[in-house]
Amino acid sequence: MTVARQQVTQARRIVVKVGSSSLTTAAGGLDADRVDALVDVLAKVRSGGEKEIVLVSSGAIAAGLAPLGLARRPKDLARQQAAASVGQGLLVARYTASFARYGVRVGQVLLTGDDTSRRAHYRNAYRTLDQLLDMGAVPVVNENDTVATDEIRFGDNDRLAALVAHLVRADLLVLLSDVDGLYDGDPSRPGTSRIDQVRGPGDIAHVQIGSAGKAGVGTGGMVTKVEAARIAAAAGVPVVLTSASRAADALAGRDTGTFFHATGRRSADRLLWLAHASTPQGSLTLDEGAVRAVVEDRKSLLPAGIAAVDGEFSAGDPVELRDAEGRPVARGLVNFDAKEIPQLLGRSTRELARELGPAYEREVVHRDDLVVLET
């Protein structure tokens, strides 16, 4: 067994993500045999009591298609939410029944980006997941599709799984789909081969990555899986990407799928969520000095450094911070409503406090609520 695969067998807290195509029939609706097969593998992994499993499961919308008489995944948000509402209950009921065969309880956790980029919500999400694990339950996590809108949705459960792995401080992320790994070309064509390990982005810079899955019931594809692996690896979490049919081999550390080495350091910082799970509701244009203070010196954004404001947002919303050329340089949670900021532009906090009161003697975006974006 390679050193990389030893990291798999030594992992104690594992996040496993499974896609819709691995749980449902092509016509829509849950495939009970597929669900049971996955649960068999996960129950065996945690049976000794030394390992914890967090399951990030797609399939709610797909499970709701057939019961609602829908032939395919709808494109409009309202019908997606309706399908998720019906399918989410069916999905968690199926997992509850399947894990009950092993005497294991499950707990449903539904998340939106808004739940996890805000400090208090982030702590609450961590506490809930950690408590479920401490009590011997398997958290079943999904995006809250029934209420998520285009503005707050994660977009795909691969990225959600990477962020959950960071949130729960996992030792390993396993991404399961209908493809048994990352290939150096189209896996359906002869002459292509599976990439065994990825030590950094440069290892796959030459690879053309497909964007669509085969079953047509999910939103992801290989692009979203590789991006999820990159996010997790950068946060210090190694990743195995393989097919659901090879889950047992992957979790046993056997040579299957593609192993992504951790490229960054672990942290308990929720700012990863702010960078990858939030949608800016507006933007602030910074002068040169403010860009330098935010990006290089990691300081808070003060009113004096803001040249312009755009969009409609409220205090606490995520906003994008841009340089004079309009390039995004950072993202943060703003402390003022959009309509308040024009009167603050270019002015010192001391001056504002004198004129408008002590409530205005504060940062527009505090450094603890700010993340510098990769350029």
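In the predicted model, the second largest pocket is lined by 17 residues, among which A234, L272, V371, V372 and E374 lie nearest its centre. Two or more residues of this lining are given by each of the elements α8 (222-234), α10 (271-277) and β13, and the largest share, four residues, comes from α10. The volume of the second largest pocket is about 570 Å³. Sorted by class, its lining comprises eight nonpolar, three polar and six charged residues.

Strand β13 (residues 370-372), one of the elements in this lining, is joined to β12 by three bridges, and the two strands run antiparallel. Within this pairing, L370 of β13 is the bridge partner of G332. Strand β12 (residues 328-333) is in turn joined by five bridges to β11 (residues 318-322), again in an antiparallel arrangement, with E320 standing opposite R331 of β12. The strands β11 and β12 form a hairpin in which five residues lie between them, and G326, located in the turn, has a positive phi of about 85°. Strand β12 is mostly covered, in that five of its six residues are buried.

A separate set of strands makes up an open sheet of eight members, arranged in the order β3-β4-β2-β1-β5-β7-β8-β6 and with mixed pairing. The edges of this sheet are formed by β3 and β6 (197-198), each of which pairs on one side only. Strand β6 is joined to β8 by two bridges, and these two strands run parallel; in this pairing, Q197 stands opposite F259 of β8.

In soluble globular proteins, nonpolar side chains tend to be buried together. The largest nonpolar core of the model holds 43 residues, of which V15, V141, V164 and L173 touch the most other members. Two or more residues of this core are given by each of β2 (52-57), β3 (106-111), α6 (119-134), α7 (157-167), β5 (172-177), α8, β7 (239-243) and α10, and the largest share, seven residues, comes from α7. When residues up to four places away in sequence are not counted, V164 touches V15, V54, V56, L111, V141 and W273. Apart from this core lies another, of 31 residues, which includes V8, L23, L251 and F259.

Several individual positions may be described in more detail. T256 lies in the loop between α9 (247-251) and β8, and it counts as buried because its relative accessible area is 4%, under the limit of 20%. Leaving aside neighbours within four places in sequence, T256 is in contact with R5, R194, V240, T242, R246, D249 and A250. Q80, which lies in helix α4 (residues 77-100), likewise falls under the 20% limit, with a relative accessibility of 11%, and is therefore buried. The C-alpha atoms of Q80 and L251 are 33 Å apart in space, the two residues being 171 residues apart in sequence.

R265, by contrast, has a relative accessibility of 77% and counts as exposed, because this value is over 50%. Its place is in the loop between β8 (258-260) and α10, where R265 touches A234, A235 and G236 when residues up to four places away in sequence are not counted. One of these contacts, A234, is also among the residues that lie nearest the centre of the second largest pocket. Along the chain, R265 and E355 are 90 residues apart, and their C-alpha atoms are separated by 45 Å.

Definitions and conventions:
Residues are numbered from 1 along each chain as its sequence is written. This is a predicted model: local features need pLDDT of at least 70, side-chain atom pairs count only at pLDDT 80 or more; totals for chains, interfaces and linings use all residues. Side-chain values use heavy atoms; hydrogens and water are left out. Buried means under 20% relative accessible area, exposed over 50%, partly exposed in between (1.4 Å probe, protein chains only). Two strands pair if DSSP finds at least two bridges between them. On a 1 Å grid over the protein atoms alone, a cavity is a set of points where a 1.4 Å probe fits but cannot get out, and a pocket is an open set with protein on both sides within 12 Å along at least five of seven lines; lining residues have an atom within 4 Å of a point. Grid points are joined across faces, edges and corners, and a volume is the space filled by probe spheres set on the points. Ala, Val, Leu, Ile, Met, Phe, Trp, Tyr, Cys and Pro count as nonpolar, Asp, Glu, Lys and Arg as charged, and the others, Gly among them, as polar. A nonpolar core is a set of buried Ala, Val, Leu, Ile, Met, Phe, Trp, Tyr and Cys residues joined through side-chain atoms within 4.5 Å. Contact means heavy atoms within 4.5 Å.
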